[in-house]
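Q: I am new to this structure and would like a close look at one part of it. Please pick a single spot, go through it slowly, and then show me how it sits in the rest of the chain.

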Amino acid sequence: MNSDGFIDMINTFFGGAVTTLIGAFTGRLMWHSGEVKLGNRRFFGKELLWEIPVAVGMALIGEAAARYIGLSQPVSTGFVATLAYLGPRGAEALLAAWLCRKK
């Protein structure tokens, strides 16, 4: 197997869609873990279930945005994970700041 890195290895085994979802779930899990560390949540609480649709939604949004700006693998997976970590509100703030800068 000729693989350049971890993301390429996951891509080879599972394909791009699963790799994107893994990136999104990793980003949300990182955010959730930070909230647990701050004492705002329990790790295995009902809040963890709400992270599933957020991760899937951020995977779709992140993949579309990555494709729009021309990112290729593995950069697009990192981009998706970053957007998933930021969540919908963070991604909205990032997009607003970028759009205001472009004017």
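A: Let's start with a word we will need: two residues are in contact when they have heavy atoms within 4.5 Å of each other. Please keep in mind that this is a predicted model, where local features need pLDDT of at least 70, side-chain atom pairs count only at pLDDT 80 or more, and totals for chains, interfaces and linings use all residues. Residues are numbered from 1 along each chain as its sequence is written, and side-chain values use heavy atoms, with hydrogens and water left out.

Our spot is the loop between α2 and α3, which is where Phe-43 is placed. Helices here are DSSP runs of H or I with at least four residues, strands are runs of E with at least two, and both are numbered from the N terminus. Setting aside its neighbours within four places in sequence, Phe-43 is in contact with Leu-29, His-32, Ser-33, Val-36 and Leu-48. Phe-43 counts as partly exposed because its relative accessible area is 32%. On this scale, buried means under 20%, exposed means over 50%, and partly exposed is in between, using a 1.4 Å probe and protein chains only.

Arg-41 belongs to this loop too, and it brings us to the charged side chains. A salt bridge is a side-chain nitrogen of Lys or Arg within 4 Å of a carboxyl oxygen of Asp or Glu. Arg-41 makes one with Glu-51, at 2.9 Å from N to O. That pair ties together distant parts of the chain, with Arg-41 in the loop between α2 and α3 and Glu-51 in helix α3, ten residues apart. Glu-51 also meets the side chain of Arg-28 in a salt bridge, at 2.6 Å from N to O. This pair too links distant parts of the chain: Arg-28 is in helix α2 (residues 16–37) and Glu-51 is in helix α3 (residues 47–68), 23 residues apart. Arg-28 counts as buried because its relative accessibility is 6%, and Glu-51 counts as buried because its value is 7%.

Now look at Glu-35, which sits in helix α2. Apart from residues up to four places away in sequence, Glu-35 touches Asn-40 and Arg-41. Glu-35 is buried yet has no salt bridge, and the nearest side chain of opposite charge, Arg-41, is 5.0 Å away.

The structure holds three salt bridges. We have yet to visit the one between Arg-67 and Glu-63, whose closest N and O atoms are 3.7 Å apart. Both residues lie in helix α3, four residues apart, about one turn of the helix. Arg-67 is exposed, with a relative accessible area of 65%, and Glu-63 is partly exposed, at 22%. Back at our spot, shared partners join Arg-28, Arg-41 and Glu-51 into one network of salt bridges.

Finally, let's step back to the whole chain. It has four helices and zero strands, and its C-alpha trace spans about 45 × 40 × 20 Å along the principal axes. Buried residues make up 25% of the 103 residues. The loop between α3 and α4 holds Pro-74, which a cis peptide bond joins to Gln-73, with omega about 0°.

Methods:
Lys, Arg positive; Asp, Glu negative; His and termini not counted.
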